[in-house]
Amino acid sequence: AALILGGWTAFGLFSFSQVLLYNAVSGAAPLPWRPLLLVSLTSAWTWAALTPLALWVAQAIRFRPNQRAKSLLLHGLAGLCFVLLSTVVDRTVALVMSDSPLRPFLTSLLYRFDSRLLAYLCIVTVSQAARYALLFRERELRSAELEAQLARAELQLLKMQLQPHFLFNALN
């Protein structure tokens with residue numbers, strides 16, 4: 001939870017700095033930084049709150065070799081749901097924080113549609129990469145265990161071959 005919150009907070013601060021930098025370079029009138037920081041962090045923290053749910057969805061919809069098209073379609077639909085949900089939360093926060101009228105919902109939805117969908121896809125990608133890394137590690141461990149078992153079996157076979165010869169020589 002701390003890693004998720006810290007990562008999204010860093011992203012929110014980065015986003016905030018990008019808006020300030022763009023505003024300074026464009027020569028536009030300076031924006032009030034406090035509301036801008038609050039909006040950036042609130043948007044990032046919305047995704048921090050959505051990340052566990054997105055991780056759960058990524059775990060539930062796995063990419064299996066024989067069902068890739070189905071998995072892609074389901075992740076596409078889930079991504080749209082996450083875009084809608086984050087848009088609704090951002091609009092609610094903007095409504096609470098600002099007394100200016102909100103833009104139409106469709107405009108809000110399309111405003112950062114690409115970055116919201118990309119956020120969901122990044123969460124899914126990181127989840128899948130972590131899953132495959134864990135599977136790789138488990139297979140490596142299992143392979144090492146099998147190699148150790150093979151070495152013990154070979155040693156036992158050599159012992160079994162030596163013992164009758166030693167007994168025969170001792171009796172002789």
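## Surface and burial

In this predicted model, the protein exposes about 12500 Å². Carbon and sulfur atoms supply 71% of that area. Buried residues account for 22% of the 172 residues.

## Fold and overall shape

The protein has five helices and zero strands. Read from the N terminus, the order of elements is α-α-α-α-α. The radius of gyration is 28 Å, whereas the globule rule gives 16 Å for 172 residues, so the protein is more spread out than a compact globule. The C-alpha trace spans about 105 × 35 × 25 Å along the principal axes.

Contacts also reach along the sequence. Take those between residues at least 6 apart in sequence: 67% of them join residues at least 24 apart.

## Helix H2

Helix H2 covers residues 33–60, which is 28 residues.

Where does H2 kink? The kink lies at Leu 50 and is about 40°. The proline Pro 52 follows shortly after Leu 50.

## Confidence

The mean pLDDT of the protein is 85. Of its residues, 97% reach 70 or more. Confidence is highest in helix H1 (residues 2–26), at a mean of 89. Helix H4 (residues 105–111) has the lowest, at a mean of 77. Where pLDDT is low, predicted coordinates should not be read in detail.

Conventions:
Residues numbered from 1 in each chain as written. Predicted model: local features only at pLDDT ≥ 70, side-chain atom pairs only at ≥ 80, totals over all residues. Heavy atoms only, no water. Helix = DSSP H or I, 4+ residues; strand = E, 2+ residues; numbered from the N terminus. Expected span 1.5 Å × (residues − 1). Bend = angle between axes of the 7 residues up to and from the residue. Rg over C-alpha atoms; globule rule 2.2 N^0.38 Å. Buried < 20%, exposed > 50% of the residue type's maximum accessible area, 1.4 Å probe, protein only. Contact = heavy atoms within 4.5 Å. Areas by Shrake-Rupley, 256 points an atom, 1.4 Å probe, with all protein chains shown as cover. pLDDT = per-residue confidence, 0-100.
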